[in-house]
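Please look over the following chain and its fold before turning to the questions.

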Amino acid sequence: MNPSLSIVVPARNEKNYIEKIIQRVLAVPFRCEYELIFVEGHSTDGTLEEIKKFAEIYRNKIRYAVQDGIGKADAVWKGLNSAQNDILVVLDADLTVSPEDLPKFYEAAAVGPEIFVNGSRLVYPMEKGAMRPLNYLGNKFFAFLLSLLTRQKMTDTLCGTKVIWRSQFQKIKESGLIEKLPDPFCDFTLILGAKKLGLKITEVPVVYKKRIYD
């Protein structure tokens, strides 16, 4: 049997994206059982109400929670902790990484629990306007730094799409690394946690998209 998949989507003030995310994820031909988990971040634009509406329609596929604190990392930890399946993937709500790419991430991770999968936006040409030049330089710098720290080649460390087995995430959690690192986005915690566990870091290149809505 193929390992099951939990897709965690942190979402704050992303009402306009919710239906699009759901439509596109449900259209993906996954070869496994999967669930879609939204973690809403105290939005002011009706995001939570939009999520609730579709969670009622797709009860067998969609769950949701409201994060306890603030910030993306807090939302991600809430989602990963509530996930029930074997493989966990974080997907940003703004569709800058296409849901249609998720099978590539799944296939890379399904090799075994010793694999940690990191998305890379800096391999393929990205959509015009998707990333500011200063952010691009910052991403290159952090990729160089984390490559040194992990002793594994990385081209992008701040891509929001990351995949880890639930069993390995539990080990990172038990290590106390989440509490020790002041990481507002969760990227460094997951990468350094993977290094601590001796996981092989595999990158999946994606075409980075520009946000549709500001």
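This is a predicted model: local features need pLDDT of at least 70, side-chain atom pairs count only at pLDDT 80 or more; totals for chains, interfaces and linings use all residues.

Residues are numbered from 1 along each chain as its sequence is written, and side-chain values use heavy atoms, with hydrogens and water left out.

Q: What radius of gyration does the protein have, against that of a compact globule with 214 residues?
A: The radius is taken over C-alpha atoms, and the globule rule is 2.2 Å times the number of residues to the power 0.38. For 214 residues a compact globule would come near 17 Å, which agrees with the protein's 16 Å.

Q: Which residues touch the most other members of the largest nonpolar core?
A: A nonpolar core joins buried (under 20% relative accessible area, 1.4 Å probe, protein chains only) Ala, Val, Leu, Ile, Met, Phe, Trp, Tyr and Cys residues through side-chain atoms within 4.5 Å. The largest has 42 residues, and those touching the most other members are L5, I7, F30 and F38.

Q: How many residues does the other core hold?
A: This core lies apart from the largest one, and L80, A83, A194 and L199 are among its members. Its residues number 25.

Q: Why does V207 count as partly exposed?
A: Partly exposed residues lie between the buried limit and the exposed class, which is over 50% relative accessible area. V207 falls in this class because its relative accessibility is 33%.
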